[in-house]
Amino acid sequence: MDGASWALASVLTGYTFSVIALLLGAAEARWKTVAWTSVAGLTLSTLFAWIALASGESVLSYTWVKSLGVHFSIMADKLSLIMGVVVATLSLMIGIYSVEYIGEWGAPRYWFFYTFFVASMLLLVYAGDMVAMFVGWEGTGLSSWALISFYYDDREEFWVGDPGRKAWKVPMWFTPSHSGLRAIVFTRLGDVGMLIGFGVVYAVLGSTSIAVLHNHIYEFFAELTLRGIAAYWILLFFLGALAKSAQFPFHEWLVTAMTGPTSVSALIHAATMVKAGVFYALRFAPIIALGVFAPFGTGASMLEALAWLALLTAFATATMAIVARELKLILAYSTASQLSYMLGAIFAGAAVNEAALGDLGGFAHLISHAVFKAALFLAAGAIIHAVHSRFIDDMGELKKYMPWTYVATILAGLSLAAIPPFSGWWSKDLAVHAMGEYSEWLAIGALITAVLTGAYTMRMIYYVFHAPMRKKHEHLHEAHPLMLGPYLTLGLTALGLGLVWPWIEPHIAEAVGAPELHLSAMDMLPGTLAAILGASTVAIYFMGIRPIEWVERSASLRALYNFLYDRWYVNSVIYRLIVYPGAWLSRWLRDSVEKGYDELIHVAIPGANVSMSRKVRELQSGDLQMYMAYFFMGILLAALISAFVILFTG
Amino acid sequence: MLTEYVLGYPILWASVLVPIIAGFINASARRASKATHVGIAAGSWAVTLALLAPVLAKVFRDNVVAVDPWYARTSSFGTLGLFMDPISALMAMSVAVVSFIIALYSAPYMEHRFHEMGSGSFSTYYFLYQLFTAGMLGAVLASNAILFYLFLELTLIPSALLIVLYGYGDRFKVGLIYLIWTHVGAVLFIIGMFVVGRFDFYVPGTGYVTGVSHSLAAFLLVLIGASVKMAMGGLHLWLPYAHAEAPTPISALLSPLLIGIGGYVLLRAGIGYFGSLWSEATPWLFLWAIVTMLYGGFLVLSQRDIKRLFAYSSISQMGYLMLGLSIANAEAETGAILHYLTHALGKALLFGVAGVFIVALGTRDLGNMGGLLRKMPYTGALALVGFMLISGLPPTMGMWSELYLVFGFSKWAMGYGLWSFVALTVLVIASMTLTVIYSFTTFKRVFYGPGGPVYEEASEKPARSLIASLLVLLVLAIIFFIVIGWFADPVAQNMKTIYALR
């Protein structure tokens, strides 16, 4: 079998086991049976993904819907094969962690959506057709919705935000069911735009195949340019990716998605699904750059705008992470920020016709981030589980009680902070380098964000592991080996990847068709300095300085703090501008328009008829001659109408 | 031109007559048990499905027009007969499948309803049920507007009676409102056809009748008449009453099956007869579609009664149908017809779920619900798939109808320059996202959150047989997703050849 067949096998295995999990649940099997059966399925899926990588590139295609030019096709190229391995392997490791972490409550539902997610994500990655990709894409969104609201009874320990806190009178705490709704609405909004974008491709080329788009990209862009919609089409086409990968202001759904179980946050909202938008950009940005820079191409300005949007997102979410008090929320902000590095690199590269270079930065950072962020989340899950609080100021001194968790967090955290020689150091420099190809200012913005990244990472580690413990906890202990194993492995991988990076990078470069890039020491220096500068801010905590005390004393600092803590008021703006007016409109339509109209038609007009009918009744005198007269008048009228119809319409 | 295939036996007539005959048997067997009645009714639909199956297979596979050998040529009303091309095949399949399943669903539900009312007769119920559903099948197979109209009237009286006899609330008044509104709609439609003076959609041996009229008055009559039937925005007032207060199995037929037939006839008579006027009207019809989607969708959000909520959702869904119809290219029209099937499955599921609540919880009020997923997981799964269908999420066939609609839209809208394109896309994104918003908001209100007042007592046990029949619809929604090419491709091909749509 060739690569594509194995890839397909990997996808179908995932779907099969999701059905099995469902049936086991229906048969009321023991929760451990459901869990381990699913893990077995994930193991098979992962195995097939690795075999696919070893088997090499190939394509498989079956006609699905001829009239739309839709094929169910698998495109196993270097990019998808590597991505598939990353996705499947992480799913397996996080799956193993989940067995203990999830336990009994809701197990069949969890494992159904978990395996359904993995299969959908793999389909999204391997698909060679936009619609086939869309099927996987929506599947991941549905699973994301279901798993964010996994604790659908809205128990308080899984809320995000401080209960009771409001910003501009908008509540700033979120229940699991509310967060799930936000996620599916935000992402679905982008998806409809994306679908319209696909529709334009279909309208011009009569196909939704990625290869066809690639091969006819010049004609396609010539057509768009002729109609003056090239830039707008690029926006539509990427709208789904922007929503999925949490670009400003869509990042709102991602931060509240932390109501889901931490294993879900690790897999779906850090390592894989939110990368779908990045992967999509990796896939399409080089193709679109070809079209944009073709003789009749236009639309580069939109790519530039998207690169700047990425920087805005990276910076904004990093500033929010600096002040956040919830462990998972810090990591969520950080995820949005790091995703933006990837997208920023990809769009900036494409905007200057250096798409391969941008893809290199984006893909490298995608892989290293997947590893270290998954480790951080899984460790966070164990920590929150141990201390029964999601707030970092309830933690502290955990170094003593959870030493291995500490090691894993340090390894992964240093990678996030981009400290040499961790994998994040290499990949972030590649991403910043690509941004610099387009604009030095963009790169400088990314470096400033890197300082913030180092600072919030270290702040988090300090509060969790070093700070004096404020609250006494009973029975603090290291995590269960089945939970610890995966994240310790991932933490070590973050270091290991960094150590062997020079041997890995050529493969990544090959996957995105980039020439091998040797960044000189001078290229690496600014990024390294930024990271070290950021990380060294942790010193102030060890010196006993508490920046929060300055905030308490100064009104202007307090305003800034609230601005950051309440997420730049983006959430409040969205609710005040769209959600609340929408709800008001709905009630107004119900109580005024619909009700008024209903009364007019069903009460007022029939009422008028009743009074008219009284008059008509007076005609009913009982006089036979009068009746005869009415009768003949009626016949005459009917005859006239018939004559009219026969004469003039025949 | 499509190849015509005259059937050796009057299978199409038989498929319509078998349920009608069964209905009369139901009516005469007044002493028979519940099981006998449901056996006769569902059995007749099983026979109809078996009769239709080979014809459907032939029509879809070979892309031909199957014509029933029993047709009558008249001098003034054209040729009265039944025919089946891929378009009407898809409609007929939807009607037959849903009628079959709801016939099964009816038995336990109506038993509950009769018990609640203190009286009621399966004999009467199934008699009316059979006439109603067979009328719909006849309407979508009719090759001629007169025959179509007669079948439509056949649906009207029984369905109104079902509301009056077994409905909820002020059921006599509701039945009257329903009767008057939709009867006026049907009459306006047929007057429009009389103004044109032609009635045939398809003439055996000759082919399709298209592009025969430029009369604005006739166009408006046909459009308005069919739109009343569809409950398009502004003409929708009767629908929330009828669909909310009808006995729930009847809601599950009225909502997805009957109103969509208005959309179907707009394809045959509207686009088919008035091609050029229709293209001129496209922007207006498109806006009307958007208004309907938004108006219905916004009203869903503030409903408390779950059946009324689904009724407003149906109005919004008719906007989807009109969206496809208005654009008048092959993809969008195919999307409209596919969306009929999507909505048939989806809304039958959702009204079915509403019935589960009525039987198991004794309430329709969302304020009483909440947190029900724990107590009613199967109902939750059914509702989720129903919402996924109307929201266009895979792996349900809703994705495909939405895909066709959107692709048709893109093809049309990108031709009007940048700013029109921007404005039109914003409208479509807003109205389609609204469906997701109200679907998942409703799901949250019913199944998520802390338990509501009925939570403690909630159980699926009293509604097991209802749930079992609905599971069939759920499975079909997924099967159709996979094999959609079998149906969609011939339909799309037809749109191009018959109506010269590009």
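Among the contacts in chain A between residues at least 6 apart in sequence, 81% join residues at least 24 apart, where two residues are in contact if their C-beta atoms, placed from the backbone, lie within 7 Å. Please keep in mind that what we are looking at is a predicted model, in which local features need pLDDT of at least 70 and side-chain atom pairs count only at pLDDT 80 or more, while totals for chains, interfaces and linings use all residues. Residues are numbered from 1 along each chain as its sequence is written, and chains are lettered from A and ligands numbered from 1 in the order in which they are written.

Staying with chain A, its secondary structure comes to 27 helices and four strands, these being DSSP runs numbered from the N terminus, with helices (H or I) of at least four residues and strands (E) of at least two. Its C-alpha atoms fill a box of roughly 110 × 60 × 55 Å along the principal axes, and of its 650 residues 57% count as buried; a residue is buried if 20 or more other C-beta atoms lie within 10 Å of its own, exposed if 12 or fewer, and partly exposed in between, with the C-beta atoms placed from the backbone.

Let me turn to the strands of chain A. Strand E1 (residues 58-65) and strand E2 of chain A pair in the antiparallel sense over seven bridges, two strands being paired if DSSP finds at least two bridges between them. Val65(A) has Val70(A) in E2(A) as its bridge partner, and in the hairpin of these two strands, which has four residues between them, Gly69(A) takes a positive phi near 65°. In a regular strand the side chains alternate between the two faces of the sheet. In E2(A), Val70(A), Phe72(A), Ile74(A) and Ala76(A) point one way and His71(A), Ser73(A) and Met75(A) the other, and all are buried. Seven of the seven residues of E2(A) (residues 70-76) are buried, so this strand is largely enclosed by the rest of the structure.

Now to the helices, and to one pair in particular. Helix H15 (residues 355-387) and helix H21 (residues 501-512) of chain A pack at an angle of about 130°, with their axes 9 Å apart; axes are lines fitted to C-alpha atoms, for helices over the stretch in contact, and angles run from 0 to 180 degrees between N-to-C directions. H15(A) and H21(A) are therefore oblique to each other, given that angles under 35 degrees count as roughly parallel, over 145 as roughly antiparallel, 65 to 115 as roughly perpendicular and the rest as oblique. The contact is made by residues including Phe363(A) of H15(A) and Ile508(A) of H21(A), and its residues divide into eight nonpolar, no polar and two charged. Here Ala, Val, Leu, Ile, Met, Phe, Trp, Tyr, Cys and Pro count as nonpolar, Asp, Glu, Lys and Arg as charged, and the others, Gly among them, as polar.

Finally, the contact between the chains takes 45 residues from chain B and 47 residues from chain A. On the side of chain B that touches chain A, the largest share, 13 residues, comes from H15(B), and the residues of that side divide into 31 nonpolar, eleven polar and three charged.
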